[in-house]
Every structure is written in structure tokens, then in C-alpha cells.
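Student: I am new to this structure. Please take me closely through one part, the place where the two chains meet.

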Amino acid sequence: MDMHMMKMSRVATEMHAREALEKAKAVQPKLNAMVTFCEVDEQLENLKNIDTNAKLYGMPIVLKDNINTKGILTTASSNILGNYIPVYNAHIVDKLQAAGAIVIGKTSMDELGMGGTNLSAATGPVYNPYDLNRISGGSSGGSAVMVSSGVVPFALGTDTGDSVRKPASYNNIIGVKPTYGRISRYGVIPYASSLDHVGYFTRSVRDAALALEVLAGRDDRDMTSSYLPVEEYTAKATGEVSGVKVAVIKNIMDMASDELKTQTNTLMEQLRAKGAVVEEVTMNEDLLKACLAVYFVISNCEATANHSNLDGIRFGVQYGENSYEDIMTKSRTAGFSTLIRKRFVIGSFGLADENQERLLRKAQKVRRLIVEEMHRVLGEFDAIVAPASLHGAPLLDATSDQLSLEYLIAENYMCMANFSGDPSMTIPYATVEGLPVGLNITCSAFNEAGMFNLAKAIEDVTGLCDVVKEVL
Amino acid sequence: MNFETVIGIELHCELKTKTKMFSSAPVSFGARSNSCVNEIDLGHPGTLPCLNKKAVELAIRACTATNCTIDSLVKFDRKNYYYTDLPKGFQITQQFHPIGSNGYVIIDVEGEQKKVRLNRIHMEEDTAKQFHYSDGTYVDYNRSGIPLIEIVTEADMRSGKEAAAYVEKMRNILYYLGVSDGKMEEGSMRCDVNVSIRPVGSEKFGTKTEIKNLNSISNVQKAIEVEVERQKEEIEAGREIIQATYRFDEATRKTVMMRKKEGAVDYKYFPEPNIFPIQLDLNWIKKIQEEMPEVPEQRKARYEKEYGLSEYDISVLIANKDVSDFYDAVMKHTTNAKLAANWVITELLSILNKNNVDITNAKIQPVHLASMVDMIAKDEISGKQAKEVFVDVVEGKDPKAVIEAKGMKQVSDSSALLAIINSVLDEQPQSIQDYKNGKDRAIGFLVGQVMKKSKGQANPKMTNQLLLQEIAKR
């Protein structure tokens, strides 16, 4: 059910939240998406103090486990935070609860958000409802499958490279990463601060627009959060796209299978029929190829510093006892997986005095060039679109050729919108080899209204609204 | 061989803000350990820094008073290292773009003026404070995140005396500006000194050592002097100076090596991603500069111009801002500038010193001292009486009430005085005769008799005049 349709009595509301919690528990053996199930009694009690017209009144939701919840275990799916109970709520948790949302649980993710498969979670892989032998995608995998399997209509994630938009594509749902600064990051355990965004999943464009009305807004505790007023995105997402200019990235379409090309072309024809102007645009291929490398350097450098607070001294799991060096060394050795430690080494290497100029600083320069290239296109078009991936979710044990053009460009270009901070979302539209694939839409900064409007037009023609893949 | 000493100084000054550099937790000296902290100061996951505007304002004051060029585009960087006193694993500082650069201050050393150039002033956050005990290390996070400015000089000082004069000068300026308490013993101002020596005439700097955590201005001078001696002995014995960090041991009056500096530590500085560069409003900077409190030089000029005080009086008053502030408060209620200055400098300070009371905690009211000074000037009480009254004024009492209660008021009423004088003259015809025969001392005797009869309350000046007048009549 669409969440905007959920206005109901208190009793029905209560039942709804409890049912969602029961369903979350029921699908857990199949999907392994949850880290923690929350108590809902007190939250339902608190609903008495909330206007029944509140935007998310009584809505059951789940939060990615890197979003701090006061008094509730928050692990970021890392062993080092295996016992971490935050002393404060993330800004968005307060906002969601004030809007009437009921948090039924915390969801699995790639350890500290550093991954795209959800295979690195401390609690193990999250399985894809469309094929339990396949990955959910990551890093917000748990949240994605809770929405696609119909447990909740809305779930919070975070997106540093494509960690909301990629799993949305793999799960046939909507994944939104608004403009950098549109949603406060205060209380969200970081990965790479200059790239991190709060994002979320829904099953309809209207819900996506409604969710942003709740989540967006200035927070004085996040200096990067914007003062721009929050718009009425729901009212503006009409699907009226006459004259809207859409650029399809040709470089990516050239690599797509005929099956995906056909469906993409059909969708574009349907948009043209609605009056949109759709053109294929070739972007600078060298810059597209550089995206992953730039992302890798910047994100690991920032992550290394960001996670230096995880030392076992003041909170988290503590090993060692002889000295602070002993505690820090042992806690960080035992607390992080090998993969994460490898990334820290790489980040440290990139930050080192003798390397920083040719690694981090260079990556930042190329980042700016990539953003300029995006803005060249967005100067002429209202939106840049391309398939979020050329394929459905990979098998759990799949490997990919990480040096192929397809991998470098088609599977990793979405981090461009993290470089620029522009709003970007993925919406269901195609099926490749029987698996869902989403279309990525990126617009200019703070033009979420335009982005939702185009998404609404797409939803109207695909009819892929509120699609649920039951696993029970 | 003759050596020249070369000294550069880094001062870390805690800014006098109500809250921390990047968090809303309160700043409070002497509060119970770990009571002034929030999740940000403890480096909890998900926290973000929020810059304290007041800290920027105070940094701008410091830059202005030290002639620094102010960078109106404020940027911060991360300095990365692991240590128990650093909860986030990095310190937010201004490595690449300090708010102030290329400044200078003029110091006075034994009558000579000397320019000390400042390389930079930058803002940063303090670390937590550690206490090492036999059963382990304790950490107080109250200090974690307190706003600091670090002031770095060029290697311009050439003696321990100059270094001490520089530190004193900076402490005074920062205190006058309300930027910092500058209390070295409480750690609100911390001083690290870099010292090297080189043969006189040599251009090349010698290998320097760093002396950390000097807790008083006199120790700055002492530590440098003993370190210079140590370095001379090393060189004269044919040994090399090892680059290292030292501390000054007060008891043995020696510098003690803490650790060698083996290659520079790589702090992996990079721009802080959670604070975008902030373009300060130039009008805001101008307003801060216009509304800045007086620095000592300005106050000195004002005292000369408005009060006409002597150089000595001025130097004693402004050496301590609190004393000078008290004097200013007194001067709001009186025009007798010189007399008021005398009373503050001699009587007040000596009583406070004797009782070991700080002027900021003293009970004395400026308005009371002003009214006492006025009464002295108007001859309503004698200087001798004033000293007696002052004992109570220091305790916070109104001099008028004290005089009233003690029945001390001078007899300045001429008819009352005349009555006493004439009765004295009637009793002392010999003295009148003596005076008329040219013995001026006789007047002194007669004044004494009047004083005796009036129980010391006769106004001496009036007594003198009236005596002469009455003798002339006889």
C-alpha cells in the first residue's frame, strides 16, 4: 500500500505497525536484512502526542544501521560497534518520529557503508527477494529489501557512491539521494563526509516526494545543511513533462544489451509522446572512466580519518588492556574486517604527505572536472538519465572484471552525483534476463521537484508503482 | 666562542567563549571532570562540527591587535593522529589557511623596543586533559574541544628576557582584549619555546630544541637560559645538539629531554570536509575591529591625555588590567585623577597584597574610593584620617558612613573653629608674643593646641589661616 493512502484510525495504525514488525521477523530467515528489531509499544504510545494528520502518522519504517538511535543498538554492521548504543538520535530520527513514523528496526549494510554488495555486513549477506541466490546490493541492502519485500513502504539508507540507487535498481524500487545539504547528516555514522548523503527507498514517486518533505531542512548541527526552504514536492510531482529536456548518456547506452536498449528506447519514446525532449548525449569518456578511481581515492582518504574515532577507548568493543596503544591496536584489528582495514591502509597512503598531491589532491581536481562535465550537460538539459546498471542483481558469488569499461563506466558512473552533490534517484523501468533494472535520473542541485516530476511521468508510463515481491 | 641565541615561540591560548569550538557544550574552568561534554567532544560516531562564531570574533581581535593580515575566507583542516587525548582521531585546525598571518608586536626590553614578527595565528580545538596516576591514565574531556588560537612567532628573539617580555606582552594584549584569560598556571595559555644557538655572525640556524609546557613567564626566561647553557656546553665539548623535546624541571633548574624528534611526524593534513570554506562578511570584521576593547597602548595614551598621569603611575596601573579597570571605575565618579591613582597604586594595592586578595574579588567599591578621594581634595578629611577610613573602605564600607560613625568629620565650620582658636590664644599669650617677635615655629605650637582641643578634627588648613587672622587682631 502506498503510504500516502495510509490515513487510518489509531487502532488500525497500531495494528499496522505491529504487523510490519511481525512480517519483518517472518522474512528474516529468508532475507537476513535486519540487525535489530525495535520495540514499538512506547513509540505507539507517543503517537498520542502527534497530530493524526502528521505526514507519516503511524507509518512503520526501518533505518539503515548507521543512523543513530538513542538507546538502540547502532552497529553500522561493524564488529567494532557491535555493542554501541548511541546517546543521541540522528537529526532525521527526531524528524521522522515527529512526523509520526514508527521505527520497527535497524537494517543490515556493508560494513560502515563501505561496499556495494552488502556481503561485508557483520551479520552476513542480505538476500534479494527477486532471487535469494542474488545480492541485495549495498551498502543500504537491508533497507532496500525491506521495502521491496513489502515489509515497510519507506526505509532510510545512505548513499556515498550509489549505495541507495544501486540496490534500488536491483530491488525494483525507488531510491533517492537528494542534493548534498538537503538532509542533515548529523547523527549518521559517516563513510566519506564530502560524498555522504542520507537517502531512502520507497515504492512510489508520491511517497518519495512526501518523504523528502519530512526529511529535508536546515539543521544547525550540520554546517553543510542548506537554508533553502523545503518545497511541496508531492504537489509538484504531476508527471507533466512537456518541454522537459532529458539527456540519455550515450556512452552507457552503447554498452547495453539489446534487451535493455529496446526497453530504454521504448520508455524514451513514451516520454517524447508526453512532450519531453529526449536526446542522447556523449559525455567525456576519459572522465567517466576516472569516476571509480576518483571515488576510491577520495572516499578511502576521508573514511580513514572519519573512522579514527573507532579506537575502543570511549565506546564500542574493546580489546587489549595494557596501554592505550594496546587497546587501540587490538580493538581496531579485531573490530574491522580485513577489507575495511585494507581500505584504511589505502586511505592512509593517499593522505600521506609524500603521496597526497598525486593521489587525494589529484583526485579532487579530477572530481571537479567530472562535475564540470556533468554541469555542461545539465546546463542544456533538465535531467541526465541512464540505466542504473546494465544487469540485474549479481549472484552472491559473482565476480566482475573490475578493469572492463563496462564495469568502470556503466556500473560505477552514479557516484558522479555524489561528486557534484546533485539530486539523483533510481526508478524501476526494465527487466534484464528476468531481473529488475532501474533508470537513474540526475538533475541540478535542489531541483528535487523537477526530478520527482520526471520520475512521476516515468512511473505513469511503466505502471511500476508500489510493486512488492513477496517472499513468504 | 661567542654564541647568539635564537628563539621562536608558540603560544596556545584558550579563547574566552561560553561554549566549545565546534560543539554547544559549555566551557567552564574548574568544573567537575567530564561534566562539560557532549557527544561531539567525545568523538561519538555521526557527530559533526559546528563552528563557534564568538571564537572567530575573538581570533579576529587577536589578529587585529597584533597587526596580522586577516584571511576573510575561513577554512579548517584535519590533523590526523591517534592518541587518548584526541577523541576523533583528528584535530580540526587551520593548517593551510590560518586566519591571521604576517603580524608583529613591539616588546620593551630594558628600555629598548624590539619588533617580534608573527608568522601566523590560527584557530583550533583543544585536546582532552590526561592525568597519569600509578593505577592508570585518567582523561578529562572537559577540555576536549575548547577553542584555541595558536600564535607562532618568527625566530626573532635573542634572549630569555626577550622571550619573557614577548610572552608577557601577548598575555597582556589578549587579556585586555577579552580574548583569553592568559593564565599560564591554569593552562589557559601554554607556551612552547624553540631554542637554538649559533656562532655570532653565522647566518645558519643551529639545531633547535623545543621546551614544552612552560607554566609561568619567569620559567620561560629561566628555561631558555639553562637550555642555552646546556647547548653551549654540548657544542664546546664537541657534541652535536640533538633535535628533541624538553621540559623544564623547576626543582633542579634543568631542561630534561622527553623525546627525540626522529623525522617529522606526518599528520596527513587535509581540508575538513564537514566545514565548507566560510566567507566572512567584511562589515562584520570591521565592526569587531571598531568595537574592540582597548589594548594596553591605547589605555596608556588615554591616561596621558585625559588624566595627565605620570609615566610611572601609568605603567603600574596598566600592568594589571584588573587594577587599571578598577581605576577607570573610580574615575567615573571623580575628577581627582592623580590623587585617585596614588590611592590605588600605593594604599589599595599594598593592602590587597598584604591580605592576598585579588582586586577582582575585593570588596572595595570604586564609588567609595572616589568619594573618599574627593573629601581629601576638599579638605573635608585629612590624609591621616583618610588612611584610617580607608581600612573600612577596603572592606566595602562607604567612607561617609565611616566618618560619621567615627565622628571624624573635620571641623571646617569657621565659627566653631574660631571659638576653639580664641580660647587657645587666650591661654597662650606667650606664643602670640613669640610669633610677633619673629618666631614662626610658635604657629606650629598653636595649631597643635587647636588640634588637641578639637580632638584632631580641626581642618588644619583652615586652622592655620584663622590663627594668623586672629593673632593679627590682637
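Tutor: 41 residues of chain A are in contact with 33 residues of chain B, where contact means heavy atoms within 4.5 Å. This is a predicted model: local features need pLDDT of at least 70, side-chain atom pairs count only at pLDDT 80 or more, and totals for chains, interfaces and linings use all residues. Residues are numbered from 1 along each chain as its sequence is written, chains are lettered from A and ligands numbered from 1 in the order in which they are written, and side-chain values use heavy atoms, with hydrogens and water left out.

Now the area. Chain A and chain B bury about 2,900 Å² between them, 61% of it on carbon and sulfur atoms. Buried area is the accessible area (1.4 Å probe) that two parts lose on being put together, summed over both. On the chain A side, A:Tyr186, A:Met223 and A:Arg314 lose the most area to chain B, together 21% of what that side buries.

Next, the polar side. The interface has 18 residue pairs in polar contact, both residues at pLDDT 80 or more. A polar contact is a pair of N or O atoms within 3.5 Å; within protein, one must be able to donate a hydrogen and the other to accept it, and residues adjacent in sequence count only if both atoms are side-chain atoms. Salt bridges between chain A and chain B number zero. Such a bridge needs a side-chain nitrogen of Lys or Arg within 4 Å of a carboxyl oxygen of Asp or Glu.

Last, the make-up of the chain A side that touches chain B. By class, this side has 20 nonpolar, eleven polar and ten charged residues. Ala, Val, Leu, Ile, Met, Phe, Trp, Tyr, Cys and Pro count as nonpolar, Asp, Glu, Lys and Arg as charged, and the others, Gly among them, as polar.
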